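Please open the model in your viewer and keep the selection panel at hand. The tour below goes from the whole chain to single residues, one selection at a time.

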Amino acid sequence: MLVEDTIILEKKNIEFYNSNGDSVEKINTDTPRILIFDSGVGGLSVSKYVENFFLGTDVVYIADNKFYPYGNKDRTLLLERIEDLLEQAVQVFKPIGLIIACNTASTLLSNNFIEKLKLPCIKVLPPILEAFQISSKKNVLLIATPNTINSEYVNNICEKLIYDKFIFKKLGLTELVNFSEMKSRGILLKTNEIESLILKSMTKEEIDNVDVVILGCTHFPNIKDELKYIFKNVNEWVDPAYDAVNSLYQAINQSNSQKGIQKFLFLTEQSKADNFTFPYSYSGFL
C-alpha cells in the first residue's frame with residue numbers, strides 16, 4: 001500500500017529589528033500609524049507623500065533586507081516570504097493602513113490575500129495603460145525588475161495592447177535596484193555604466209524613440225537623473241507613488257491630529273554595515 005506524503009508549509013517567524021539592532025514586538029505609542037513595506041530603500045520615494053497626506057500619523061517602514069533583492073528571486077518562495085512577513089507585521093505594528101511600496105511584491109500578492117489582512121491596503125503597481133494615454137508617440141518603456149516584467153499583472157495588460165498601434169518595451173534589470181541602493185548611501189554612480197547595461201537590452205534607436213517611461217520600481221526615482229541623461233527624448237516620467245498614497249488616504253479618511261509625526265525603521269536582519277541605515281536616518285527614520 002502506497003502512503004502519499006503530505007507537505008505542510010509552516011509559517012516562518014520573522015524578526016523585526018530597529019536601527020539599534022534590537023528585536024521588537026510592538027511600538028509603545030498610541031498614535032495611528034501607516035505601514036510602508038519594501039525590500040530596501042525604494043519605499044522612501046513613497047514615504048514623503050505619506051507624510052504630506054497623513055499629518056500627525058506615525059510612519060512605520062519595514063525593509064526586508066534579509067531577503068533583498070526581490071527582483072530576481074524564485075516567485076513561489078518570494079510570495080510565501082512576503083505573505084508571512086506582512087501577516088506578522090500587521091499583528092505587531094497594528095497600522096491603520098498599509099502600502100506595498102515594492103512593485104514586485106505588489107504584482108505577486110492576490111486581492112484575496114490583501115482582503116484577509118482586514119485593513120486598507122494599496123499596492124504600488126506600474127500604470128501602463130495610463131502611460132499610453134499621455135504618450136504622443138504611443139511609445140512607452142516600462143523599467144522594472146525581472147519579476148515585475150514577467151508578472152501576470154503586466155502580461156494581462158499586454159494582452160489588451162494592439163501592437164500595430166502601440167510600442168511597448170519592457171526593461172527588467174535588478175542591477176538598477178542595486179545602483180539605487182548604492183546612490184542612497186553616497187556612492188557616486190557612473191552614468192556610462194548604467195547606459196552600457198541598458199544598451200545590452202535596447203538599441204540606441206529604441207532608446208531615442210521612447211517618449212514616456214514608467215518607473216516600475218520605487219527604487220528608480222532615486223536614479224531618475226541618471227536615466228534622464230540616457231533617455232534624452234522622454235517627455236514624461238511616470239511614478240505611481242503619489243497616486244497610491246492618495247488612494248490610501250481616500251480609503252482611510254483619517255482626520256488629522258495635533259501630535260507630531262514619528263518615523264520608525266525596522267529591518268528583518270541586523271545590519272553589519274556601518275552606513276546601511278544612512279538613507280533611512282537621512283530621511284528622518286529612527
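**The whole chain**

Begin with everything selected: the protein has 286 residues, for which a compact globule would have a radius of gyration near 19 Å, and its own value of 20 Å agrees with that (the radius is taken over C-alpha atoms, and the globule rule is 2.2 Å times the number of residues to the power 0.38). Along the principal axes, the C-alpha trace spans about 65 × 55 × 40 Å. This is a predicted model, in which local features need pLDDT of at least 70 and side-chain atom pairs count only at pLDDT 80 or more, while totals for chains, interfaces and linings use all residues. Residues are numbered from 1 along each chain as its sequence is written, and side-chain values use heavy atoms, with hydrogens and water left out.

Switch to a cartoon view, where the secondary structure comes to 13 helices and eleven strands (DSSP runs numbered from the N terminus, with H or I over at least four residues for helices and E over at least two for strands).

**Two domains**

Next, colour 16-124 together with 242-283 as domain 1, and 128-240 as domain 2; these bounds come from an automatic or database domain assignment. The centres of the two domains, taken over C-alpha atoms, are separated by 24 Å. Their contact (heavy atoms within 4.5 Å) takes 30 residues from domain 1 and 22 residues from domain 2.

Between them the domains bury about 1900 Å², 50% of it on carbon and sulfur atoms; buried area is the accessible area, with a 1.4 Å probe, that two parts lose on being put together, summed over both. To see the domain 1 side, select α1 (44-53), α2 (75-93), α3 (103-108), α12 (241-252) and α13 (278-282), the elements that each give two or more residues to it. The count of salt bridges between the domains is zero (a side-chain nitrogen of Lys or Arg within 4 Å of a carboxyl oxygen of Asp or Glu).

**Single residues**

Now show the side chains of E51 and K263, which form a salt bridge whose closest N and O atoms are 2.9 Å apart. Because E51 lies in helix α1 and K263 in strand β11 (residues 263-267), this pair ties together parts that are 212 residues apart in sequence.

Move on to P69, in the loop between β4 (58-63) and α2, where the peptide bond from Y68 to P69 is cis, with omega near -5°. Finish at K94, in the loop between α2 and β5 (97-100); phi of K94 is near 45°, a positive value in a residue other than glycine. Most residues other than glycine have a negative phi, and most peptide bonds are trans.
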